[in-house]
Amino acid sequence: PEASEDLLKKDGQEMAAAYDALFFVIEKHLMMGRSLIACCTLSSKKHGQDRLATLMARYPDAVLKVILLKLDNEPAMRKRFADRKFGAEYTGATNSPERWLVLRDRYNAIKLSHLSLDTSACTPETCADWAVKYILGMIG
């Protein structure tokens with residue numbers, strides 16, 4: 001998306017529509033008293049955190065578990081980019097370490113209660129194990 005202002009604008013519109021759809025589904029599950037796992041960045045207060053906090057206030061009996069997966073190690077981030085296979089098959093929104101740093105610095109800190117996992121400090125399996133334990137209430 002960072003290739004042009006037009007693509008960035010379209011990316012923003014797509015992101016807003018994706019959050020609309022996501023929060024529609026989240027609310028329907030909450031209305032029915034059902035559990036769900038929603039995967040989203042919540043990096044924007046406008047699109048994510050504030051909307052989630054509003055929903056949780058509307059459904060006070062629902063249990064909320066937010067898990068922040070972050071990468072706080074710049075050398076590890078640069079290695080991940082070096083290991084990516086860019087080209088026609090690549091669909092990621094961030095195509096360079098420099099763009100990743102811009103986006104990271106633009107994120108709003110998560111204010112909601114959450115578990116924070118640095119993905120450079122653990123394997124995917126270990127991160128998943130911590131996340132499951134958190135969801136099940138086995139850790140804080």
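**Entry 1: terms and the end of H1**

A helix here is a DSSP run of H or I with at least four residues, and helices are numbered from the N terminus. H1 is thus the label I start with. I note that the model is predicted. I looked up what comes after H1, and I found glycine 33. The phi of glycine 33 is positive, near 70 degrees.

**Entry 2: the whole protein**

I stepped back to the whole chain. The protein has five helices and two strands. I read the order of the elements from the N terminus as α-α-β-α-α-β-α. I then looked up the box that the C-alpha atoms fill. Along the principal axes, this box is roughly 45 × 35 × 25 Å.

How much of the protein is buried? Of its 140 residues, 24% are buried. I also looked up the accessible surface, which comes to about 9,700 Å². Carbon and sulfur atoms account for 57% of that surface.

Next I checked contacts between residues at least 6 apart in sequence. Of these, 59% join residues at least 24 apart.

**Entry 3: helix H1**

Does the span of H1 agree or disagree with its residue count? H1 covers residues 5–31, which makes 27 residues. The expected span is 1.5 Å times one less than the number of residues. That gives 39 Å for H1, and the end C-alpha atoms are 39 Å apart, so the two agree.

I then looked up which residues of H1 are buried. They are Tyr19, Leu22, Phe23, Ile26, Glu27, His29 and Leu30.

**Entry 4: charges**

I counted charged side chains next. The protein has 20 positive and 18 negative ones. The centres of the two sets lie 3 Å apart. The structure holds nine salt bridges. I followed some of them up.

Aspartate 6 pairs with lysine 10 in a salt bridge, and their closest N and O atoms are 3.3 Å apart. Both residues sit in helix H1. They are four residues apart, about one turn of the helix.

Why does aspartate 6 count as partly exposed? Its relative accessibility is 45%, so aspartate 6 falls in that class. The class lies between the buried cut-off of under 20% and the exposed cut-off of over 50%. Lysine 10 has a relative accessible area of 47%, so lysine 10 is partly exposed too.

I looked up aspartate 20 and found a salt bridge to arginine 51, with 3.0 Å from N to O. This pair links distant parts of the chain. Aspartate 20 is in helix H1, while arginine 51 is in helix H2 (residues 45–58). They are 31 residues apart.

Aspartate 20 has 43% relative accessibility, so I list aspartate 20 as partly exposed. Arginine 51 is at 25%, which means that arginine 51 is partly exposed as well.

Which residue does aspartate 129 meet in a salt bridge? The partner is lysine 133, at 3.2 Å from N to O. Aspartate 129 and lysine 133 both lie in helix H5 (residues 124–135). Four residues separate their positions, about one turn of the helix. Aspartate 129 has 38% relative accessibility, so aspartate 129 is partly exposed. Lysine 133 has a relative accessible area of 29%, so lysine 133 is partly exposed.

I also found a network: salt bridges that share partners join Glu74, Arg78 and Glu98.

Definitions and conventions. Residues are numbered from 1 along each chain as its sequence is written. This is a predicted model: local features need pLDDT of at least 70, side-chain atom pairs count only at pLDDT 80 or more; totals for chains, interfaces and linings use all residues. Side-chain values use heavy atoms; hydrogens and water are left out. Buried means under 20% relative accessible area, exposed over 50%, partly exposed in between (1.4 Å probe, protein chains only). A salt bridge is a side-chain nitrogen of Lys or Arg within 4 Å of a carboxyl oxygen of Asp or Glu. Contact means heavy atoms within 4.5 Å. Accessible areas come from the Shrake-Rupley method with a 1.4 Å probe; for residues, only the protein chains shown count as cover. Lys and Arg count as positive and Asp and Glu as negative; His and the chain ends are not counted. The place of a charge is taken as NZ of Lys, CZ of Arg, CG of Asp or CD of Glu.
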